[in-house]
Amino acid sequence: MNFRIDPTGAPGLSIDRPRALECRFRNSAGSRAYDLFVPSGPGDGSRPLVVMLHGSSQSARDFAIGTNMDRLAEEQGFLVAYPDQPRSANITKSWNWFRDEDQQRERGEPSILAGLTREIMGRFAVDPARVYIAGFSSGGAAAAVMAMAYPDLYAAVGIHSGLACGSAGSMLLALFTMHRGALLQPQQTTHPVPTIVFHGDRDTTVAPINGDQAVAQARPDSDLIVTTVGGRSSGGTAYTRTLLTEPAGAWTSEQWILHGAGHAWAGGHPAGSYTDPAGPDASREMLRFFMANPRR
């Protein structure tokens, strides 16, 4: 089956999506459609799985094309799922990361996302030690929720232009938090999950302080080795990359601050919405980080 991008990307640009399966998961909290990309190769044993959560006003297909994650999945031999948030759940197609019932294990949207993850694991040969989740904007905030609620399911999390779990408890607070950060420091996790965060320092939709708070929430309560390096992508975007690791190597995180970048997926394809092709390649860097952090 061939799919084309929804009309949210640049005019005249489209990419066919072979091997994207249309699926739907249902439980007592509701249902969500999702696209599942299965690489063409036979693979060597069980495969990794990456769950990708789009941002507001995006669709699963738009997000798949904008992030280039299908191409990486074909290249590296992992499955990738793209849940789709319908307008019936949120008029802007945002994940409801700011509602109390959608921030808790086995309730609301977290139960649906965890349920479809488990469904894929049951249908395909998925390595349970290499299941990951990532998202952009509201999807990044939802990914942070999933890492907090299901540290036993997801081995690592990627948050691009998102927010920490528990940053807000209502729509009004969500708007404030997006522009100024959480009023109170979000609760620190008790089960740290390796976390990689990307955020543009000129993001006027989700303020960069939210990226700082997401990293702070994910870190364990122990001494860490902190290493900071600078660089520049091939497209000319300067960045600062900070690595935090436990001395024993049991936990790690990365924070990428993209200098001069706004609210867009770094290194994405221009056919997708909210992408910045100048890079660095956030999708490839997330995959590198994920594959280096299986569940231990």
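Hi everyone, let's start with one atom-level detail: a polar atom in the side chain of Q58 sits 3.1 Å from the backbone oxygen of S273. That counts as a polar contact, meaning a pair of N or O atoms within 3.5 Å, where within protein one must be able to donate a hydrogen and the other to accept it, and residues adjacent in sequence count only if both atoms are side-chain atoms.

Before going on, a word on the model. It is predicted, so local features need pLDDT of at least 70 and side-chain atom pairs count only at pLDDT 80 or more, while totals for chains, interfaces and linings use all residues. Residues are numbered from 1 along each chain as its sequence is written, and side-chain values use heavy atoms, with hydrogens and water left out.

Back to Q58. Where is it? Q58 is placed in the loop between β3 (47-53) and α1 (60-67). Those labels come from DSSP runs, numbered from the N terminus: helices are H or I with at least four residues, and strands are E with at least two. With 2% relative accessibility, Q58 is buried. On this scale, buried is under 20% relative accessible area, exposed is over 50%, and partly exposed is in between, using a 1.4 Å probe and protein chains only. Setting aside neighbours within four places in sequence, Q58 has contacts with F63, K93, F136, S273 and Y274; contact here means heavy atoms within 4.5 Å.

Some of those names come back when we look at aromatic rings. Rings of Phe, Tyr and Trp (its six-membered ring) pair if their centres lie within 6.5 Å; planes under 30 degrees apart are stacked, over 60 edge-to-face, and the rest tilted. How many aromatic pairs does the structure hold? There are 8. Take W97 and F98: their ring centres are 5.5 Å apart and their planes stand at 90 degrees, so this pair is edge-to-face. Both W97 and F98 are buried. For F136 and Y274, the centres are 6.2 Å apart and the planes are at 35 degrees, so that pair is tilted. It links distant parts of the chain, with F136 in strand β5 and Y274 in the loop between β11 (265-266) and β12 (275-276), 138 residues apart. F136 is buried at 1% relative accessibility, whereas Y274 is partly exposed at 41%. Ring pairs also join F63, F136, W265 and Y274 into a cluster.

Next, the charged side chains. A salt bridge is a side-chain nitrogen of Lys or Arg within 4 Å of a carboxyl oxygen of Asp or Glu, and by that rule we count 14. One of them is between R32 and E109, whose closest N and O atoms are 3.4 Å apart. Another bridge joins R99 and E101, N to O at 3.5 Å; here R99 is partly exposed at 30%, and E101 is partly exposed at 33%. R130 and D127 meet at 2.9 Å, with R130 partly exposed at 24% and D127 buried at 17%. There is also a salt-bridge network linking R241, E254, E285 and R288.

Now to helix α4, residues 138-149. Its 12 residues reach 16 Å from first C-alpha to last, close to the 16 Å expected at 1.5 Å a residue; the expected span is 1.5 Å times one less than the number of residues. How much of α4 is covered? Mostly: 11 of its 12 residues are buried. The cover includes β3, α3, β5 (126-136) and β6 (156-160).

Last, the nonpolar cores. Such a core is a set of buried Ala, Val, Leu, Ile, Met, Phe, Trp, Tyr and Cys residues joined through side-chain atoms within 4.5 Å. The largest has 41 residues, and Y34, L36, L49, L53, I120, I133 and Y154 touch the most other members. Helix α4 gives the most to this core, with 7 residues. Leaving out neighbours within four places in sequence, I120 contacts Y34, L36, L49, L79, A81 and V126. Apart from that core lies another of 30 residues, including A73, Y82, Y132 and F289.
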